[in-house]
Amino acid sequence: MLYSVFIFKNAIRPVFYGSIDSVEIRTSSAQGILLEGCISIAVNNSSVWNSRGSALYAGNSQFITLNFVTVVGAGAGTANAKDGIRLSNTGATVRGCISAYNRGFGFHATGGGGIVSTYSCFYENTEGNFEGNAFSGTGDIETNPWFVGRNSGNLALSAASTCIDQGPANEFDPDGTRSDIGAYPFNSNMVPVITNYNPFPSTMTNYSWGDEVNFEVFANDPEGEELTYEWWYRDVLRGTSSQETITLVGPEDLQEVRLIINDGGYLGITEKVWSVIELGVEERIGNLPPTFVLSRAYPNPFNPSFTIDLKVPHQGNIELSVFNVNGQKVLEQSTAVTAGYLSMQIDGSAWASGSYIVLATLRGETVQTRISLIK
Ligand SMILES: [Ca+2]
Ligand SMILES: [Ca+2]
């Protein structure tokens, strides 16, 4: 979020011509956008919310164009009347703009000739919507723009907004309808809906490295648009249909398989993520692993005790220790073992909620895992 935009004629590198595109200014301590002594500046698809001064001020400039600009809450944090759009000795075009809930006027022009706004929305400005040489013109409305979150600075239009499809004709609109008034067009495109998926649940706990897993999703689009699919695993695109077989590989103990479903329309994406947690090594019954392995710690989170599964290549003593996140040792024990697979249950009932690191050492080989206690 930007603080403010100031363009002055006496700046070190003056900008007299140009455009300000898609800027969002939130809680500026002065004017949100201040244009002074410019020749020709366009402000496009931009918004100012809760500026302490006027949201958009232009003075002593030849020509300012405001296209699809939303200004809300000017005069925030002050008792002074501050306007949404304030022009002084400046020619201007105002079209497709929203000026609402400002402490002063919605549109206030002094000096120069009359300026007529078009296809714009003015609403709930404390002093009034128009003042001085500012006048309402073709297509203007004075009804509630129904922002998604006026108090949080989310100035997107909600489905109830009267600004939808009321902007200038023959302008770009992302969902292909008539343009909407304001900086943020309403998205009438409904995203794809997932009706079923495999594996279920999407938090996967009982899989091992090397497993081939069949992923599958059933989805449709409310408007019936054709869907495309992208399966991503370990930053690689694995497939583009509604199902994909993916071989899980190590060594991280937390991985994600991510599916992106796209209807091809404006913001028409639904994502689905499978989390692969605490993968064990591949089980091969009858073949002991050549190294000491901690294959699983479960349940995770646990309360009050959990179990670790170990694969032990030779006999010896397992030195087990558990640390909390502050590095303090909360458990230490030594257990004589023989070669094979074994499980050890660990009691954490005396511990505080939090993450713990479990270390097990056998003949100088240390394995570890992380586990959480939630009380
Ligand atoms: Ca529209
Ligand atoms: Ca759709």
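Predicted model: local features only at pLDDT ≥ 70, side-chain atom pairs only at ≥ 80, totals over all residues.
Colleague: Which strands stand at the edges of the open sheet of three strands, each with a single partner strand?

Modeller: The sheet is open, its strands pair in antiparallel fashion, and their order is 20-22-25. Because each of the two edge strands has a single partner, one side of each is left without a neighbour in the sheet, and these are strand 20 (193–198) and strand 25 (243–247).

Colleague: What is the bridge partner of Tyr 197 in strand 22?

Modeller: Strand 20 and strand 22, the latter spanning residues 212–220, run antiparallel and are joined by five bridges. For Tyr 197, the partner found in strand 22 is Val 217.

Colleague: Which residues does Ile 33 touch, leaving aside those up to four places away in sequence?

Modeller: Ile 33 belongs to the largest nonpolar core, which has 48 residues, and is listed there among those with the most contacts inside it, together with Leu 56, Leu 66, Val 69, Val 71 and Phe 107. Once residues up to four places away in sequence are not counted, Ile 33 touches Val 5, Ile 20, Ile 25, Val 43, Val 48 and Leu 56.

Colleague: How many Å apart in space are Phe 172 and Thr 361, C-alpha to C-alpha?

Modeller: In sequence, Phe 172 and Thr 361 are 189 residues apart. In space, taken from C-alpha to C-alpha, the separation of Phe 172 and Thr 361 is 65 Å.

Terms used:
Residues numbered from 1 in each chain as written. Chains lettered and ligands numbered in written order. Pairing = 2+ DSSP bridges. Helix = DSSP H or I, 4+ residues; strand = E, 2+ residues; numbered from the N terminus. Core = buried A, V, L, I, M, F, W, Y, C linked by C-beta atoms within 7 Å. Buried ≥ 20, exposed ≤ 12 C-beta atoms within 10 Å, placed from the backbone. Contact = placed C-beta atoms within 7 Å.
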